[in-house]
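Welcome! Here is a short briefing to read alongside the structure. Take a moment to look it over, then follow the topics one by one.

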Amino acid sequence: MQQGRKEDWRHEHKHKHNQTQNRLWEHTCDIPKFPSLHGDVKTDVLIIGGGAAGLLTAYFLKKKGVDCIVAEGNRILSGATGGTTAKITVQHGLIYGKLIKTFGAEKARMYLEANRRAGEMFYELSKLYPCDYEKKNNYVYLRSDHKKLEAEAMAVRKLGFSAEIADSLPLPFETAGAVKFPDQAQFNPAKLFSRIAKELNVYEKTFVRELKLNAAITGSGTIKAQKIIIATHFPILNKHGGFFLKMYQSRSYVLGLSNAAKYEGMYVDGEENGFSFRNQGNLLLLGGGGHRTGKNGGNWQELKQFADRYYPNSTERYRWAAQDCMTLDGMPYAGAYSSGTTGLYTATGFNKWGMTASMASAMLLSDIVMGTGNKYAKLFSPSRSILHPQLFANIGEAAINLMGFSKKRCPHMGCRLKWNKAEHSWDCPCHGSRFSEEGLLLDNPATGNSDFDTNS
C-alpha cells in the first residue's frame, strides 16, 4: 500500500473538492478535532478508519478495558458516515424473501435479529449521548406489483417480525403500497459519533501507507498493535480476502430541501435507484439518482427535476453524495480479514444500510477481538461462499475496464477511470476509487493518488 508522490496535497484538495457538496450533518454540531500522529506508538488494537464502524468498535472495546487507537486518514466522519441519511432500520429494502430463498429461514432470522439488536443499541446510546433520536415507521414502497409487497410481508412475518401492508401513502405520486416496519428510528450521526469520539484515543490526518505484521506504517510514524481492524469503508489490502472480487461501489445523492413536504415516516423505493424520503427538522432529505460508481446516473439533476415538479416552492439548502460498498449476497462482511491472516479483521459491505450494519459489525468485532465468540460470526464472515451471480458481473466489469487504451488509470488495480461530470471527478467503475481532476485521491480502495497525465 504505497502512497503517491502527491500525498502532501491530498487532504487540502479533498476539502476543496467537498466544497462542491454541502453536507448537512457537519453543520449541526462541532465535530471535535484530534492530533496527527508524530512518532511511534503501541496499542493493543489499532482501528483504521474514523467512521461509524471504527468509532463504535473502539467504543465497545474501550468499555471492555482494551487499549485502542483509531487512525483516520482525514477527519473523523469525513467519509461515508458523513454522507448517511441516518436511518436506523432492520428493513433493508425487500430483502427478507431473498434471504430466505438463498440462505433459508434460520439465517434470514439471524440477520434480522442482529440488526434489531443493533437498533436497540442505538437507542441505548442515544440516552447517553443526545442525538435527535426519533422513533419512526419505515416504509419500503413500490410503484407497481402489489403482490411483491405481500410476498415480502409474508416472509417477514415468517421470521417472527411484525410487518404490515400500507396501501395508502402520503408520497406525491401513485404507488402500489408499501411494506411497513413499525418502531424504527432516525437520528443525527454527527452528534452521536462526535460525543463518542471524545472518549477515544483518535489520530486524524494519519494516513496508513502500508501494513506489516502487527504494525501500520503512516507518513509520520508507526503504530504497533497486537490486532488490527480495517474499517476504511472498502478494505485497503488486496493480497488477502479478495474484496476486489466480492464488492463494487454505488453512489447515491441527497438534497436537503426547506419548504417541502413533512412526512411522519421514512420511505424508500424497493426498486434499485428509486427515491427515498425522510425529514430532519424542517428539512426534507430527498435521496436518489444512484448508479454504480464510474457509470452514468441521474445524480442531483434527477433529484432537482423531481423537486421542481413535486415541491415547486422548496429551496435547496444542502446537497451531497454518498458511496456504498455492495456485497455479493446483500449481507455485510465483518470478522477475520481472511482465512490466511492472523490478528487482522475488517467490517465492510454495508449495502446502503450503514447504520445498523456498522453497529452490528462493531458489536461482532469487539466480541471476536475479546475471544468471547458471537453467534453471528459465521453469518457475516468475510470468508463465506462467494458463489453468487454478482461475482461474475464484478469480474466482467473489471475485465472490460482493464482492457483498452487510456492514460487515466486507477492505481488500485489498473482499471480505466471514467469522468463524473456531476462531481468533477475521475471514478473507477471496477472498485469505486475516485480522484480529483488532478488525480488526487478522494475515495478508496486506492491508497494513493493517480499519476495520470491531466492533459491526456
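Two residues are in contact when they have heavy atoms within 4.5 Å of each other. In this sense Tyr133 touches Ile88, Gly119, Phe122, Tyr123, Ser126, Ala185, Gln186 and Phe187, leaving out residues up to four places away in sequence. The model is a predicted one: local features need pLDDT of at least 70 and side-chain atom pairs count only at pLDDT 80 or more, while totals for chains, interfaces and linings use all residues. Residues are numbered from 1 along each chain as its sequence is written, and side-chain values use heavy atoms, with hydrogens and water left out.

**Where Tyr133 sits**
- Tyr133 belongs to the loop between helix 4 (105-128) and strand 4 (134-142); helices (H or I, at least four residues) and strands (E, at least two) are DSSP runs, numbered from the N terminus.
- From Tyr133 to Leu283 there are 150 residues in sequence and 16 Å in space, C-alpha to C-alpha.

**Helix 2 with helix 9**
- Helix 2 (residues 52-63) packs against helix 9 (residues 354-370) at about 40°, with the axes 8 Å apart; axes are lines fitted to C-alpha atoms, for helices over the stretch in contact, and angles run from 0 to 180 degrees between N-to-C directions.
- Helix 2 and helix 9 are therefore oblique to each other; angles under 35 degrees count as roughly parallel, over 145 as roughly antiparallel, 65 to 115 as roughly perpendicular and the rest as oblique.
- On the helix 2 side, the meeting residues include Leu56 and Phe60, and on the helix 9 side they include Met359 and Met363.
- The residues of this contact divide into twelve nonpolar, three polar and no charged; here Ala, Val, Leu, Ile, Met, Phe, Trp, Tyr, Cys and Pro count as nonpolar, Asp, Glu, Lys and Arg as charged, and the others, Gly among them, as polar.

**Nonpolar cores**
- A nonpolar core is a set of buried Ala, Val, Leu, Ile, Met, Phe, Trp, Tyr and Cys residues joined through side-chain atoms within 4.5 Å.
- The largest has 53 residues, and Phe187, Leu192, Phe193 and Ile196 have the most contacts inside it.
- Apart from that core lies another, of 31 residues, including Leu94 and Phe380.

**Two loop residues with positive phi**
- His233, in the loop between strand 10 (221-230) and helix 7 (243-246), has a phi near 80°.
- At 25% relative accessibility, His233 is partly exposed; buried means under 20% relative accessible area, exposed over 50%, and partly exposed in between (1.4 Å probe, protein chains only).
- Asn351 has a phi near 55° and is buried, at 10%.
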